[in-house]
Amino acid sequence: FDTGERFEGGITISPGLEKLPVFARDGALVPMMPALPHAPRAGEAVPLEVRHYGTAPGVFMLRVHALR
């Protein structure tokens, strides 16, 4: 879904109902996981992909919490 199109701030866009725009700040890191038919169960391993957008550096900290 990354078109590579860049926008400056302070603009107005009018997409149709068939497309939902998603904007990411330069250097944004967006964690993604595959679509699932249900929420992951406690302890269930799920693949995680971290996407970086733009050219600015980004920082990402992944914390894994153990459920008791």
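User: Why is leucine 62 called exposed?

Analyst: Leucine 62 has a relative accessible area of 55%, and exposed means over 50%, buried under 20% and partly exposed in between, using a 1.4 Å probe and protein chains only. Leucine 62 is therefore exposed. Please keep in mind that this is a predicted model, where local features need pLDDT of at least 70 and side-chain atom pairs count only at pLDDT 80 or more, while totals for chains, interfaces and linings use all residues. Residues are numbered from 1 along each chain as its sequence is written, and side-chain values use heavy atoms, with hydrogens and water left out.

User: What makes the nonpolar surface patch?

Analyst: Leucine 62 is one of its members, together with Met33, Leu36, Leu48, Val50, Phe60 and Val64, and the patch covers about 640 Å². Patch residues have over 30% relative accessible area and no salt bridge; nonpolar side chains (Val, Leu, Ile, Met, Phe, Trp, Tyr) are joined within 5 Å, and like charges within 9 Å. The areas come from the Shrake-Rupley method with a 1.4 Å probe, and for residues only the protein chains shown count as cover.

User: How many salt bridges does the whole structure have?

Analyst: A search finds two. Glutamate 44 and arginine 41 also meet in a salt bridge, at 3.9 Å from N to O. Glutamate 44 is partly exposed, with 32% relative accessible area, whereas arginine 41 is exposed, with 55%.

User: Is proline 37 buried or exposed?

Analyst: Proline 37 has 80% relative accessibility, so it counts as exposed. Proline 37 lies in the loop between strand 1 and strand 2.

User: What makes the lining of the largest pocket?

Analyst: There are 23 lining residues, and Glu5, Phe7, Val22, Phe23 and Ala24 lie nearest the pocket's centre. On a 1 Å grid over the protein atoms alone, a pocket is an open set of points with protein on both sides within 12 Å along at least five of seven lines, whereas a cavity is a set where a 1.4 Å probe fits but cannot get out; lining residues have an atom within 4 Å of a point.

User: Why is glutamate 5 called exposed?

Analyst: Its relative accessible area is 53%, so glutamate 5 is exposed. Glutamate 5 lies in the segment before strand 1 (29-32).

Technical notes
Helices (H or I, at least four residues) and strands (E, at least two) are DSSP runs, numbered from the N terminus. A salt bridge is a side-chain nitrogen of Lys or Arg within 4 Å of a carboxyl oxygen of Asp or Glu.
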